[in-house]
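Please look at the sequence and the structure below.

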Amino acid sequence: MTAVRQRRVGKGTEAAEEQPSEEKNVKPDGKILSDHTGGKLWNVLSITVGGIVAISLGLLTSVYVATLHENDLWFSNIKEVEREISFRTECGLYYSYYKQMIQAASIQQGLHDLVYDNKTESVRTINILERMNVYQEVFLSILYRILPIQQYLEPVYFYIYTLFGLQAVYVIALYVTSWLLSGTWLSGLLAACWYITNRIDTTRVEFTIPLRENWALPFFAVQIAAITYLLRTHLQPVQERLTLMAVFIATFLFSLTWQFNQFMMLIQALALFILDCFDILPTAKVTWLYVIQISGLLLVCVLQFFNSMILGSLLISFNVSVLIARTIQKNLKKGGLLNRLGKLILHVLLVLCLTLLINKFIKKVLNLESDEHIFKFLKAKFGFGSTRDFDANLYLCEEAFGLLPLNTFSRLSDTLLFYVYVFVLFLMTVAAVIVAFRNLRGSNQVQFMEKVEECTVTLKPDAAYNLIHTVLFGCLALSTMRMKYLWTSHMCVFASFGLCSTEVWKLILKGVRLYTSRRMHLIKYSLPVITFLYISYKFWPGIMDELSELREFYDPDTVELMNWIKSNTPNTAVFAGSMQLLAGVKLCTGRTLTNHPHYEDKDLRERTKQIYQIYAKRSPEDVYRILRSFGTDYVILEDSICYERRHSRGCRLRDLLDRANGHIMDGLGENEPDLKPSSYPRFCEEIKKNLPGYTARFTRVFQNKTFHVYRLAQHK
């Protein structure tokens, strides 16, 4: 059930093969029969069936991840406080604003409390809508309040079902992208199948529901599908305008829902830049995409009350630089090979210099330092000198920001995804190199066209974009494990497209001199079906076992802590502690925090480092003074941090603090030569001994196996 595109008539055998079909369309009386109606009906039937399959797979994926979430936590049966604790770390912080909007006296009051928030960071009033990407929580809370569903659906279920519903959008977008590239919905079916069977490496939505990427990636996938369609040739003006509108809306929603949008779109802009330099994409469409990225980001900037981090983004500087450089170098794509290479090198250097100058100027004018921790992290990660910077090391020591583990590839290989992906990637890369070389030569000689024509057909603009997209995001995933979800989902699309592509199999069969139209179509349709049957046979029993496995949420110590805080502390109390725990404190109790996990603010990063001195080797006087400077009433100490064993020596939180403070680290092992012993013992250990210097300032008011809560003396 697929639409087969009419092939161009070539020479010799191909022309002879086409001839009989023309004779069959002639009536005995000499009139020509038209198969236009039959072909149109077949196309409509194929699109209808493919669309139904896409929607069905999307809905099944939503039900699948929702069931896994329910089975893992027994979410429908646990208490409200346990449900909220299950939203770990920053997930809890984001969900707290949805809860806050739901519980507000009115929508206007809820918005006012977000714009003038004094509970997220003590002794400071911040604008949550400016600082964080929480418009999705605002929109959902308003929708929940105005829809007549309160009696039938709890707020938390409305929230999580929306996220699980977006997974349907995600899978449908991947399906459509693969379908557009290959011309058959079998490709989309295989892409969705691979996405589901490689769930561990393609999504983590079932256990990190409110995470920003779970909101953003479905819109990013829609944007990629729209760009893929936009880059098709021979689009009608109306189709092109509608597609540009779809790209803009998807880009805007993606940018609105994730604070790291600018870095992802910068990689996308680099892909467009590379392809435009080698004349593989239409320049006019590339220009439109640059403008859409800038305008979408600026619109988000306005909605986020002119967030300076957006204005100072490398993406805006890069896109503006490309447009300026293109205006300066008008004859970039004219001339011979050496001439064009020289112009291209000059163009790249010009864009790079302009980008750095514009970005430096904007940051200087705006006094912008919100994203400096990201560049410190990158500098340390890629070996440009060692660093003791606390923020950079905090990222470097987390597994999620390390290199992609090798066992990822073994899992992807079990479903055949990685093998197919590498095979398609190799073929497409070779084709891209040949096409780029031909374009730089500006050659139209007949003797060169016979080889290149195959590559030109294989490397259509939409396929070329997806090739560079997967290469660049693959590099990102290999360097930073957390970003693998941007790559692995697109890997499903790219591999399935190659397996079902007419151009790919035509190129291969002609290369080994075995090409016939019938043989090419047989391979094109049989291989995806065989692969799908293999995956279904091998993984269906495992999926059924996974769906039948029942667990239950269990964290009694944290539940006890949250219940104690709600019952025994005033509503205005200010709590200090780890970023991860305090996000849960805000969600479960509504108390004021000193710090939190949304790390994109310089003052907050410095504040967090100061608060974390509770785990460093500091005097009780110093710690008390620091905590009181942020208005702290209670401090929560965690044994899992104070006596941490999860990380190796040098990456434990206490080690990062010791190095940043110039102190020798605990335990056996080497220390940097200029580190010195501290004059004081570790605060989180010494406070438990109830020595006079500590009890005069800190009174223990709660304790269980995991947490110790101390109340600070109000006047000392």
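Tyr159 is buried, its relative accessible area being 0%; buried stands for under 20% relative accessible area, exposed for over 50%, and partly exposed for what lies in between, with a 1.4 Å probe and protein chains only. The model is a predicted one, in which local features need pLDDT of at least 70 and side-chain atom pairs count only at pLDDT 80 or more, while totals for chains, interfaces and linings use all residues. Residues are numbered from 1 along each chain as its sequence is written, and side-chain values use heavy atoms, with hydrogens and water left out.

There are 33 aromatic pairs in the structure. Rings of Phe, Tyr and Trp (for Trp, the six-membered ring) pair if their centres lie within 6.5 Å; planes under 30 degrees apart are stacked, those over 60 edge-to-face, and the rest tilted. The ring centres of Tyr95 and Tyr159 are 5.0 Å apart and the planes stand at 85 degrees, so this pair is edge-to-face. Because Tyr95 belongs to helix H4 (residues 89–103) and Tyr159 to helix H8 (residues 155–182), the pair ties together parts that are 64 residues apart in sequence. Helices (H or I, at least four residues) and strands (E, at least two) are DSSP runs, numbered from the N terminus. Tyr95 is also buried, with a relative accessible area of 3%.

A second pair is formed by Tyr421 and Phe494: the centres are 6.0 Å apart and the planes at 65 degrees, so this one is edge-to-face. Tyr421 sits in helix H21 (residues 417–441) and Phe494 in helix H24 (residues 484–499), so parts 73 residues apart in sequence are tied together. Tyr421 is buried at 3% relative accessible area, and Phe494 is buried at 0%.

Over the face of Phe75 lies Arg83, at 5.3 Å from the ring centre. A charge sits over a ring if NZ of Lys or CZ of Arg is within 6 Å of the ring centre and within 35 degrees of the ring normal. Lys510 is placed over the face of Tyr515, at 5.1 Å from the ring centre.

Thr243, in helix H12 (residues 237–257), is buried at 7% relative accessibility. Beyond its neighbours within four places in sequence, Thr243 is in contact (heavy atoms within 4.5 Å) with Ala226, Tyr229 and Leu230. A polar atom of the Thr243 side chain lies 2.6 Å from the backbone oxygen of Gln239. Gln262, in helix H13 (residues 261–277), is buried with a relative accessible area of 5%. Not counting residues up to four places away in sequence, Gln262 touches Leu297, Met309, Ile310, Ser313, Leu314 and Leu315.

Strand E1 (residues 574–576) and E2 run parallel and are joined by 2 bridges; Phe575 has Leu593 in E2 as its bridge partner.

Note on methods:
Polar contact = N/O pair within 3.5 Å; in protein donor to acceptor, adjacent residues only side chain to side chain. Pairing = 2+ DSSP bridges.
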